[in-house]
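Visitor: Hi, I'm new to this one. Can you put it up and walk me through it?

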Amino acid sequence: MALLTYFLTRADVIIYFAVCIVLLIYWLNRSKKSRAKMPPGPTPLPFIGNLHQLDLKNTHQSLMKMSEKYGDVFTLHFGPKKVVVIAGFKAVKEALVTQGDDFVDRPSSPLLDLISNSQGNILGILFSSGEEWKTMRRFILSTLRDFGMGKKSLEGKIQDEIIALIENFKFHNGKPFNPHLIVNSAVSNVICSIIFGNRFEYDDPTFQKLIRMLDENAKIAGEPKALLFTFYPFIGRLLGLHKEVMQNIANLKDFIIKCVKKRRLEFNANDLTGYIDAYLLKQEQESTKPDTYFSDENLYHSVLDLFDAGTETTSTTIRWGILLMMKYPEIQKKIQDEIKMHIKPGQLPAVEDRKKMPYTDAVIHELQRFGNIVPLNLSHAPPTDVYFQGYFIPKGTEVIPFLTSVLNDKTQWKTPYDFNPNHFLDKDGKFVRNDAFMPFSAGRRACAGESLAKMELFLFFTGLLQAFTFYPPPGVSREDLTLKPDVGFTLSPPKYMTCAKLN
């Protein structure tokens with residue numbers, strides 16, 4: 001007892017034992033990590049990793065083949081960089097939903113660091129992490145709802161845009177034309193009305209230039225030279241592989257800065273016209289906070305994110321829709337019959353019509369599934385070391401929740417590689433949901449504009465098929481139409497011409 005009292009009264013002894021305990025805990029933790037294994041995968045070669053086993057022009061197809069060999073969770077080496085791929089509906093859902101907090105961050109990226117010019121602190125909403133992302137996402141969701149997302153007021157703006165788009169299609173008098181730029185412009189005008197408080201005329205040269213730059217960036221970002229910059233940034237800088245994307249981003253940002261300056265001059269706290277105004281008001285409210293996230297730079301990057309995300313994926317899906325209606329005229333006819341049954345002549349489609357039109361709804365869902373617009377998803381990263389399905393994934397590791405493997409999962413879809421609206425219909429022709437339908441991703445980082453995109457897709461697609469029947473150009477048969485996508489960061493339909501004949 002006396003010996004115990006002696007030790008307890010000696011501060012140096014207490015400190016000694018405390019340090020020993022801390023070191024023991026540290027050693028045990030290190031030992032646990034050293035025993036833990038990262039997911040299996042193909043053996044990498046020095047310097048190039050597994051790049052020799054990948055088709056960088058069709059990365060999603062290479063990853064599908066690898067998932068069949070290595071399972072639902074596997075490690076790849078993109079050059080010197082380790083990446084974990086999570087494949088299949090069950091595994092992706094577990095990562096994004098069940099363990100959503102474990103994969104909520106975005107990984108670092110040399111190209112994104114350059115674009116943000118922020119030394120690792122990525123701005124905006126798409127690629128930011130931590131408290132900055134949480135704050136911006138809350139603000140953006142709240143603002144989108146304030147300006148009509150999911151409400152009747154926004155439905156009216158989309159319907160106005162459909163009228164303008166139909167008039168443009170009529171101008172071609174049933175002759176062949178490429179709908180790419182005009183569809184992108186119409187869809188972009190919806191998000192522009194929310195961001196800037198106004199739409200643009202389709203022939204506005206500045207607007208056309210902006211749409212083309214967004215289009216170019218989506219394509220360039222998936223090209224081998226952009227991937228090479230990501231894997232080997234030093235070599236990429238020497239070869240100037242990033243310059244085209246950087247120039248487009250700089251031009252887009254210059255346009256946004258001019259719009260912000262104009263809104264500042266006209267700003268009225270009692271008459272907010274769009275997202276920029278709402279952000280300027282938030283800046284005023286937080287002007288006394290030294291650690292506010294509402295900086296001018298964050299404004300520019302969040303507007304750029306909204307402009308890009310609100311244009312690219314929805315317009316690409318609609319363009320897939322026009323191509324597939326030419327390819328499958330019997331499906332086009334069934335949609336038009338359903339439109340005639342439930343929408344009065346001279347009346348534009350409304351969101352409430354969707355409930356009465358299960359076949360049209362099923363076709364739109366299948367367009368998104370088959371189109372597979374964002375095949376690799378946006379990459380995630382664990383904010384701390386994490387265990388997933390028994391494997392160890394270190395903090396900050398790039399994780400790909402592989403959407404192609406979900407939208408083409410053989411256990412979830414009867415004919416995963418065919419365009420088949422019956423994936424979303426029961427035996428009685430009623431619409432049925434499928435949990436493996438994840439074109440907007442899932443969990444906490446699911447697309448913030450999902451409800452807006454769903455509204456746009458139904459109204460635009462149904463409105464176009466109400467007004468027109470789409471045919472291949474003269475001399476081109478439906479069998480001649482290819483469905484092989486143009487590969488970029490997104491999967492776009494191949495370039496095509498269409499004839500839009502008035503119904």
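Visitor: Which residues are linked in a network of salt bridges?

Guide: Lys262, Arg263, Glu266 and Asp277 are. Keep in mind that this is a predicted model.

Visitor: How many salt bridges does a search of the whole structure find?

Guide: The search finds 19.

Visitor: Let's take a pair, then. What does lysine 134 meet in a salt bridge?

Guide: Glutamate 131. The N to O distance between the two side chains is 3.5 Å.

Visitor: Where do lysine 134 and glutamate 131 lie?

Guide: Both are in helix α6, which covers residues 130–146. They sit 3 residues apart, about one turn of the helix.

Visitor: And how accessible is each?

Guide: Lysine 134 is partly exposed, at 27% relative accessible area. Glutamate 131 is partly exposed too, at 43%.

Visitor: Next pair. Which residue forms a salt bridge with glutamate 286?

Guide: Lysine 289. The closest N and O atoms are 3.4 Å apart.

Visitor: Is glutamate 286 buried or exposed?

Guide: Buried. Its relative accessibility is 12%, and buried means under 20%.

Visitor: What about lysine 289?

Guide: Lysine 289 counts as partly exposed, at 43%.

Visitor: Is aspartate 353 buried or exposed?

Guide: Aspartate 353 counts as buried, because its relative accessibility is 5%. Lysine 356 is partly exposed, with 39%.

Visitor: Where is asparagine 377 placed?

Guide: In the loop between α16 (358–371) and β3 (386–388). Asparagine 377 is buried there, with a relative accessible area of 8%.

Visitor: Which loop holds serine 441?

Guide: The one between α17 (403–407) and α18 (450–467).

Visitor: Is serine 441 buried or exposed?

Guide: Serine 441 counts as buried, at 11% relative accessibility.

Note on methods. Residues numbered from 1 in each chain as written. Predicted model: local features only at pLDDT ≥ 70, side-chain atom pairs only at ≥ 80, totals over all residues. Heavy atoms only, no water. Salt bridge = Lys/Arg side-chain N within 4 Å of Asp/Glu carboxyl O. Helix = DSSP H or I, 4+ residues; strand = E, 2+ residues; numbered from the N terminus. Buried < 20%, exposed > 50% of the residue type's maximum accessible area, 1.4 Å probe, protein only.
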